[in-house]
Amino acid sequence: FSANEKMEYPAAITSVTTILRVTLGTMVLLLGYGFVGLAATSLLVNLATVVILGSLVTRMFFRPKLELDLAFGRTMMHASFPLMLNSLLAKVFFQVDVLLLKPLRGDVEVGYYGTAYQYIRGLDIIPSYFTLAIFPLMSRLAESQRDSLARAYVLSVKLLVMVALPIAVGTTFIARELILLLAGADYLPHSMIALQVLIWYMPIGFVNSVTQYALIAINQQRFLTRAYLIGAGFNVLSNLIFIPRYGYAAAAVVTVLSEIALLIPFYYRVRKHLTALPWLEVYWRPCAAAAVMGGTMWLLRGTTVLLKAPVGAIVYLAVLAALGTFREPDVALVMELLPERWRKRIPFVMPGS
């Protein structure tokens, strides 16, 4: 589905099966079947997903069949083995801090840190889905239109930074309410502090996400293995040094710094083989808008989150528009993809208005 740019089908099915999993899971828990019932529910829902996706593949693309092609298999193994290593190293890169916290600082700090990390895992959906959606286009452009690929890459970075910065600023100001909602007052202030630090991985981490896929598109996946070794090595070593003394706070800071450590080799390679990023152009408008947003939310710090969050978002978009962000040619093309009823409500951001 991704290769044929039909991501809406698995996305819709995922939404339906998630609702089904929650509904059935709640039922089996209420009936007293416990975690065994939850396991059975997960198996049932996954089987249903396989059947639905398989039938759609047959109807829309081709009928799957078994065949043995050793030469093709070796070709696929050669190309995909580095991607498997990269996936493994990425898991180490993102989760080793939790593994080290337990023996070095105990279960309590793991609980504080893990609670904050739940929001980070949820927000990781944004760059993940975005890059999976754009990767087929990047792969096609990499074959014959490197200039177009470079423009698509720079635009992708701009869009992700525009999303990451307001989320980071907003979360910093409403972290207390988010932790109260998820875990309760017993986790304050520690989980709040961890979240306020961790959230700042996003302005760099989102760039790393799309950069990784741009490098894969130009057949640089073997270099990614070395880059992840650098990032994971920095992460592990820094955590071993600082967690024993500073606990979850050190783990949160190291997570942010590790994204920078990963960006350095990523950017070295993408600049060498694709294009240089116009850093000032990418960051200055979102940073200025995020700063004004942060100032506004600070002035509203004594008010309810139901006021702070939407007012902050409106201020951020208004400042972006005032700075001409949405009139940039590439960004304006993306805005044209919005439904017409949305564009009519925000005419001040459209080119030529």
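Start with Glu 177. Its relative accessibility is 25%, so Glu 177 counts as partly exposed. The cut-offs: buried is under 20% relative accessible area, exposed is over 50%, and partly exposed is in between, with a 1.4 Å probe and protein chains only. Keep in mind that this is a predicted model: local features need pLDDT of at least 70, side-chain atom pairs count only at pLDDT 80 or more, and totals for chains, interfaces and linings use all residues. Residues are numbered from 1 along each chain as its sequence is written, and side-chain values use heavy atoms, with hydrogens and water left out.

Which residue does Glu 177 form a salt bridge with? Lys 308, with the closest N and O atoms 3.4 Å apart. By salt bridge I mean a side-chain nitrogen of Lys or Arg within 4 Å of a carboxyl oxygen of Asp or Glu. Glu 177 sits in helix α6 and Lys 308 in helix α12, residues 305–322, so this pair ties together parts that are 131 residues apart in sequence. Lys 308 has a relative accessible area of 3%, so Lys 308 is buried.

Next pair. Glu 281 and Lys 158 meet through their side chains in a salt bridge, 2.5 Å from N to O. This one also links distant parts of the chain: Lys 158 is in helix α6, residues 146–182, Glu 281 is in helix α11, residues 279–299, and the two are 123 residues apart. Is Lys 158 buried or exposed? Buried, because its relative accessibility is 8%. Glu 281, at a relative accessible area of 37%, is partly exposed.

One more pair. Asp 107 and Lys 102 form a salt bridge, with the closest N and O atoms 2.4 Å apart. Asp 107 counts as exposed, because its relative accessibility is 52%. Lys 102 is partly exposed at 48%. In total, the structure holds six salt bridges.

Charges overall. There are 29 positive and 18 negative charges, and their mean positions are 1 Å apart. Lys and Arg count as positive, Asp and Glu as negative; His and the chain ends are not counted. Each charge is placed at NZ of Lys, CZ of Arg, CG of Asp or CD of Glu.

Val 253 is partly exposed, at 40% relative accessibility. Val 253 and Ala 194 are 59 residues apart in sequence, yet 8.7 Å apart in space, C-alpha to C-alpha.

Now the whole protein. How many helices does it have? 14, and zero strands. Helices are DSSP runs of H or I, at least four residues; strands are runs of E, at least two; numbering starts from the N terminus.

Size next. A compact globule of 353 residues would have a radius of gyration near 20 Å; the protein has 22 Å, which agrees. That radius is taken over C-alpha atoms, and the globule rule is 2.2 Å times the number of residues to the power 0.38. Along the principal axes, the C-alpha atoms fill a box of roughly 65 × 60 × 45 Å.

Last, packing. Buried residues make up 41% of the 353. Contact means heavy atoms within 4.5 Å. Among contacts between residues at least 6 apart in sequence, 74% join residues at least 24 apart.
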